[in-house]
Amino acid sequence: MVAMKLRLSLLQEVVGHVKRQHAVLISANSMSNLFHTRLVSLAASNTKPSEATCKSQKLMLELGLIAPSSPGCFHYLPSTVRSLTKLNQLIDKAMVAVNAQKIEVPILSSGELWKTSGRWMDMGAELFRLKDRHEADYCLGATHEEAVTKLVASQGVGSYKSLPLRLYQITKKFRDERKARYGLLRGKEFYMKDMYTFDASEEAARETYEAVCEAYACLLRQIQVDYVKVLGTTGNIGGSESHEFHFPAAIGEDRLYVCESCGYGANEELVTGTANVCRPDSTADYSRTPFCCPGCNEILTFTPGIEVGHTFLLGKKYSSIFKAEFLNSKGKPEFFHMGCYGLGVSRILAAAVEVLSTATAIRWPKLIAPYQICIIPPKAGSKEEGAGNMADHLFQHLSSLPHLQGDIVLDDRNHMTIGRRLKEANRLGFPYIIVCGKKALQDIPLIELHTCLSHDDVLQSKCLTHSELFQHLQQDSS
C-alpha cells in the first residue's frame with residue numbers, strides 16, 4: 001500500500017512537472033509576452049521626410065522588428081535577433097565546410113596598425129576615429145585585415161604544412177556613412193562576417209578563393225533569394241581580383257551588368273573599362289548605353305543590386321607589410337598569400353526582406369524566419385471557443401517535433417478576433433499560420449493551414465485533419 005502511494009505520488013509529480021514545463025513553454029512563446037515596439041509609422045520613427053526610405057525599413061519599423069536609436073543605428077528587437085541567430089548558424093556551417101575557424105577580434109583597433117598599412121588616411125571620413133586618455137589613436141573596426149594579419153604574424157614563423165589557415169568572425173562593424181539610409185541596408189553600425197585566409201602559394205590561395213566563393217553561392221542558394229555574382233573593384237582593401245554578390249533590387253545602389261548567355265557579370269565601374277559599347281540596334285529602345293559582353297559579345301543586361309558579399313584575392317599586400325611569414329618546403333621564410341571575404345549579415349537579412357516582401361507584408365526566407373509557425377486559437381466568448389483546447393494540443397505536439405522546437409508562437413491574445421490576428425500574422429510573415437476555428441469542432445476536426453508566399457499578400461489556405469497537418473509539416477521540413 002505504501003509502495004503504491006509512493007508510485008502514485010511520483011507519477012503525480014512527473015505529470016505536474018510536465019504541465020509546468022508546458023506552461024513555461026507556452027508563456028515564453030506566446031504572442032502577448034513577445035517584446036516588440038508598438039506599431040509605428042515612418043513619421044513617428046524620427047525619419048526625416050527628405051530621407052530615402054525603402055520597403056524593408058518601412059515594414060521592419062511598422063511591425064516592431066527594429067526601433068530607431070540614432071541616425072544610422074537601430075535597436076534589434078527579439079524577432080530580428082532570432083532571425084540573425086539563424087542566419088549566423090547557416091554561415092557558421094558554411095564556414096566549417098571550408099575548414100574555417102572562428103575567432104573574435106577587438107572592435108577597438110589600434111590606429112598604429114592602420115597607419116602602418118596606409119589605410120588610416122585612405123579610408124577617409126568613413127573610419128570612426130578616436131583617442132584614448134593618453135592621446136593614442138584608435139578606430140572602430142570597419143574591417144580587420146590589419147588586426148588579423150598582425151595576429152598571425154605575432155605567432156612566429158610556422159610551417160607550410162599547417163596551411164591553409166582560414167580565420168573568420170561575425171561581429172559588429174562601424175562606418176561613418178555620410179548619408180545613412182534604407183534602415184539596416186546602409187547604417188553606421190552593422191553585423192558582418194569577415195574571413196582572412198593564409199596560403200603558401202598563389203595557386204593555393206586561388207583554390208581557397210574558389211572554395212569560399214562556392215560556399216557563398218551555396219549559402220545564398222539555401223536562403224532562396226535570387227543573387228548574381230559579378231566582378232568588382234578592389235577599392236581601398238586592395239588585391240588582384242574581387243567579386244561581389246548581389247540581390248537584384250530596384251533600390252540597389254550598385255549598378256550591375258550581367259550576360260544572360262554566358263553568365264559574365266561586372267560592376268558598372270569595371271564594365272565601362274573592359275566591355276565595348278555595342279553598335280545600337282535601330283529597332284531596339286535603349287534606356288542606357290548598350291555594352292557587349294567581353295566573353296560572348298552579347299548585349300549585357302543592366303540591373304541595380306544590393307551588395308551582400310564581397311571577396312578579395314589579396315596576394316602579399318598585408319603579409320609583407322606586417323611580416324607575416326611561414327617556412328616553405330625548402331625551410332625558407334616566405335610571406336603568406338592572403339584573401340579576405342565579407343558577408344553583410346544584417347544586410348542579407350534586410351535585403352531578403354526587401355526583395356521577397358510585398359508593400360504591406362513581410363516575407364522571410366523560410367530558413368531564417370524568426371518563427372516557423374503561429375497558432376491562432378478562437379476568441380474568448382465566441383461560439384468556437386471550445387476549439388482552444390485543440391490549439392493548446394497542437395502547440396504541445398508540434399513543439400515536440402525536432403525541427404520545430406522553440407519555433408512556434410501561440411497567439412494567446414484571445415480578446416482579439418481570429419480575423420484580426422490572422423491579418424497581423426500575415427503581415428509579420430510567419431511561414432505557416434494555423435487557425436483553430438469552428439471547423440475544429442466538427443465530428444472530424446479540421447484545422448486551417450495558411451501559408452505565406454513570397455511576393456504575395458494573399459495567403460495560400462487549406463483545411464487539414466490533425467494527421468494530415470503533421471504529415472504536411474514533416475514533409476515540408478525534409
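A: On a 1 Å grid over the protein atoms alone, a pocket is an open set of points with protein on both sides within 12 Å along at least five of seven lines, a cavity is a set where a 1.4 Å probe fits but cannot get out, and lining residues have an atom within 4 Å of a point. Points join across faces, edges and corners, and a volume is the space filled by probe spheres set on them. The model is predicted, so local features require pLDDT of at least 70 and side-chain atom pairs pLDDT 80 or more, whereas totals for chains, interfaces and linings use all residues. Numbering starts from 1 along each chain as its sequence is written, and side-chain values use heavy atoms, without hydrogens or water.

The second largest pocket has a volume of about 700 Å³. Its lining comprises 29 residues, of which Lys366, Leu367, Gln372, Pro431 and Asp476 are the closest to the centre. Helix H3 (78-97), helix H7 (202-223) and helix H13 (466-477) are the elements that each give two or more residues to this lining; helices (H or I, at least four residues) and strands (E, at least two) are DSSP runs numbered from the N terminus. The largest share, three residues, comes from H13. By class, the lining has 12 nonpolar, 11 polar and six charged residues, where Ala, Val, Leu, Ile, Met, Phe, Trp, Tyr, Cys and Pro are nonpolar, Asp, Glu, Lys and Arg charged, and the others, including Gly, polar.

Pro431, one of the residues closest to the centre of this pocket, is also touched by histidine 450. Apart from residues up to four places away in sequence, histidine 450 touches Leu422, Tyr432, Ile433, Val435, Leu459, Gln460 and Ser461 as well; contact requires heavy atoms within 4.5 Å. Histidine 450 belongs to strand S21 (residues 447-451) and is buried, with a relative accessible area of 7% (buried is under 20%, exposed over 50%, partly exposed in between, with a 1.4 Å probe on protein chains only).

For comparison, the largest pocket holds about 1100 Å³ of space. Its lining has 43 residues, and Arg175, Arg186, Glu307, His310 and Arg347 are the closest to its centre. Strand S9 (189-199), S14, strand S17 (337-344) and helix H10 (345-356) each give two or more residues to that lining, with six from S9, the most of any element. This lining divides into 15 nonpolar, 12 polar and 16 charged residues.

Of its 478 residues, 48% are buried. Among contacts with a separation of 6 or more, 67% join residues 24 or more positions apart.
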